[in-house]
Amino acid sequence: MKKTWWKESVIYQIYPRSFMDSNADGIGDLKGITSRLDYLKYLGIDVIWLSPVYQSPNDDNGYDISDYQAIMQEFGTMEDFDEMLKEAHARGIRIVMDLVVNHTSDEHQWFVESRKSKENDYRDYYIWREGKDPQTPPNNWGACFGGSTWEYDQTTEMYYLHLFSKKQPDLNWDNPKVRQEVFDLMTWWCEKGIDGFRMDVISMISKTKEMPDGDVNGLYGDFSPYCVHGPHVHDYLKEMNQKVLSKYDIMTVGETSGVTPEQAKRYAGEDEGELNMVFQFEHVESDGKYGKWTDQKFPLTSLKEILSRWQTELYGKAWNSLFWDNHDQPRAVSRFGNDSPQHLTASAKMLATCLHMMQGTPYIYQGEELGMTNYPFQNPQEFRDIESIHAYKEWCVEGPLSYETFWPCLIYKSRDNARTPMQWDNTEHAGFTTGTPWIAVNPNYKEINAQIQTADPDSVFHYYKKLISLRKQYPVIIYGSYELLLKDSEELFIYTRTLEHEKLLVVCSFSENPCSFQIPDEFQNATCLISNMTPCYSEETATLRPYEAFVLLKQS
């Protein structure tokens with residue numbers, strides 16, 4: 001197995017709008033990020049993944065880009081970016097940009113030209129189709145943010161494809177000019193000195209020529225068989241690697257919703273010449289009751305099966321990305337742990353133990369290292385997320401579900417749970433801004449914030465700090481093989497990691513009740529590397545307290 005810096009790194013995702021505001025306009029910005037780099041250096045992370053900071057009209061909070069080589073005015077200037085990059089590098093922290101090239105904003109100059117006429121030079125930069133008739137879209141596909149994937153454009157009396165918002169038209173990657181435009185802008189950023197790309201919905205860039213109606217799943221037809229892992233996606237990624245990626249010492253991770261381990265080996269295989277790793281979403285997307293929406297916790301046996309399959313099937317062949325949450329997911333401790341005051345700290349540490357001891361590169365989403373929780377939404381007017389707003393309208397206001405049925409699902413899974421401001425201290429607005437924040441601050445910020453936790457050696461923050469430090473000390477955590485124990489337990493997640501003369505036993509309780517566990521003979525007299533509680537087990541048995549976790553190291 002090849003050793004690389006990105007396999008040995010811990011990555012921290014920053015959602016700039018909600019991280020730190022430097023100019024009191026209520027919106028996080030680049031200078032704010034620069035001002036908090038020492039905090040991240042103290043935590044011990046190696047890489048920042050920066051959600052989009054490009055110029056954008058913000059229909060989808062920056063994932064609708066109108067200029068790939070300019071900075072969003074709300075976030076600052078290109079000089080601010082250059083300063084942030086320089087200061088990060090000075091602290092040994094790399095910067096990975098978010099590359100959003102499945103689609104652009106409808107305000108991007110390419111699309112402004114494309115919609116002018118059928119003969120325009122930029123017409124084929126996007127995907128245009130005739131309707132079934134003047135009032136009917138080309139097919140029944142439903143967009144990710146609600147409604148049809150097709151938007152009628154009066155100027156040329158045709159429809160354009162948008163798998164997300166109607167202000168996010170999909171690029172036509174079959175056009176070699178489009179691919180070259182993308183490769184050129186990537187090269188421009190690499191020459192500026194960035195350290196890699198997280199590639200947004202990159203598995204959607206190739207579509208089939210045929211675009212028939214999809215099977216109805218929910219309110220619309222499913223576009224996945226025709227737009228996800230399409231016919232030329234690997235050709236285009238190999239071309240990207242050849243023309244750009246291979247020329248720089250950077251890391252790449254692709255967002256590949258719906259990917260299987262077999263497909264992941266093609267996207268991120270050691271010798272495939274495409275990407276370094278991919279994000280898979282089985283463990284965060286397989287639990288929906290109404291589309292993605294549910295208010296039910298994931299069964300632990302299902303969670304273990306999914307994560308263990310990825311651990312074993314990719315081992316030695318491709319590289320895993322490890323995450324519990326991100327800007328598109330609810331808060332990890334609210335979803336997979338227990339965010340009650342009684343159990344929050346223990347379960348946040350337990351979840352961190354479970355994830356960071358697995359094989360792969362861990363990703364920490366801002367505030368996860370503090371145990372930040374879901375927001376207690378009271379009404380739909382509090383949402384800022386386009387997906388949540390549209391879902392409430394389609395499923396509840398105009399759709400088949402009552403408020404009482406859908407509201408618990410919406411507040412449990414809303415992306416806005418992850419987007420409330422970073423909780424820095426116990427001053428007004430959690431120290432995020434001295435202005436009015438663009439989205440409400442979680443009211444628990446006085447109990448959960450960075451100022452308190454960095455000063456408390458028993459905090460969630462310092463537990464994450466220790467986990468990150470352990471990865472740098474023990475290669476078995478990074479490169480060891482994985483084996484699941486007690487696969488049928490709905491309370492305990494236990495596995496081993498093995499590399500040469502070192503073996504780890506990772507024990508995590510997902511239960512709010514005490515659980516007993518027989519410690520394997522080979523771990524008698526083992527060293528406890530880390531524990532979220534003062535260990536109180538004998539050499540033979542452990543009675544785990546609610547959400548207890550510990551890791552034993554056996555060296556031979």
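Predicted model: local features only at pLDDT ≥ 70, side-chain atom pairs only at ≥ 80, totals over all residues.

Modeller: Residues are numbered from 1 along each chain as its sequence is written, and side-chain values use heavy atoms, with hydrogens and water left out.

Colleague: Which strands are the edge strands of the open sheet of eight strands?

Modeller: Strands here are DSSP runs (E, at least two residues) and helices are too (H or I, at least four), numbered from the N terminus. Two strands pair if DSSP finds at least two bridges between them. The order in this sheet is β13-β12-β9-β5-β2-β1-β15-β14, with parallel pairing. Pairing on one side only marks the edge strands, β13 (277–279) and β14 (321–322).

Colleague: Which helix lies across β2 and β5?

Modeller: Strands β2 (residues 47–50) and β5 (residues 94–99) run parallel, joined by four bridges, and W49 stands opposite V96 in β5. Angles run from 0 to 180 degrees between N-to-C directions, with axes being lines fitted to C-alpha atoms, for helices over the stretch in contact (heavy atoms within 4.5 Å). Running at about 140 degrees to β5, the helix lying across both strands is α3 (residues 78–90).

Colleague: Which element gives the largest share of the lining of the largest pocket?

Modeller: A pocket is found on a 1 Å grid over the protein atoms alone: it is an open set of points where a 1.4 Å probe fits, with protein on both sides within 12 Å along at least five of seven lines, and lining residues have an atom within 4 Å of a point. The largest pocket has a volume of about 1300 Å³, that being the space filled by probe spheres set on points joined across faces, edges and corners. β11 (220–221), α9 (282–285) and α13 each supply at least two lining residues. The largest share is five residues, and it comes from α13.

Colleague: Is E387 buried or exposed?

Modeller: E387 sits in helix α13 (residues 386–397) and is among the residues that lie nearest the centre of the largest pocket. Leaving aside neighbours within four places in sequence, E387 is in contact with C144, F145, K292, W293 and R415. Buried means under 20% relative accessible area, exposed over 50%, and partly exposed in between (1.4 Å probe, protein chains only). With a relative accessible area of 12%, E387 is buried.

Colleague: Which side chain makes a polar contact with the side chain of D200?

Modeller: D200 is in the loop between β9 (196–199) and β10 (216–217), and at 6% relative accessibility D200 counts as buried. A polar contact is a pair of N or O atoms within 3.5 Å; within protein, one must be able to donate a hydrogen and the other to accept it, and residues adjacent in sequence count only if both atoms are side-chain atoms. At 3.0 Å, the partner of D200 is R198.

Colleague: In β8, what is the bridge partner of E151?

Modeller: Four bridges join β7 (residues 150–153) to β8, and the two run antiparallel. From strand β8 (residues 158–161), M158 and Y160 point one way and Y159 and L161 the other way, and all are buried. The partner of E151 is Y160.

Colleague: What is the phi of E500?

Modeller: Most residues other than glycine have a negative phi. E500, in the loop between β17 (492–499) and β18 (502–509), is exposed, with a relative accessible area of 71%. E500 is not a glycine, yet its phi is positive, at about 50 degrees.
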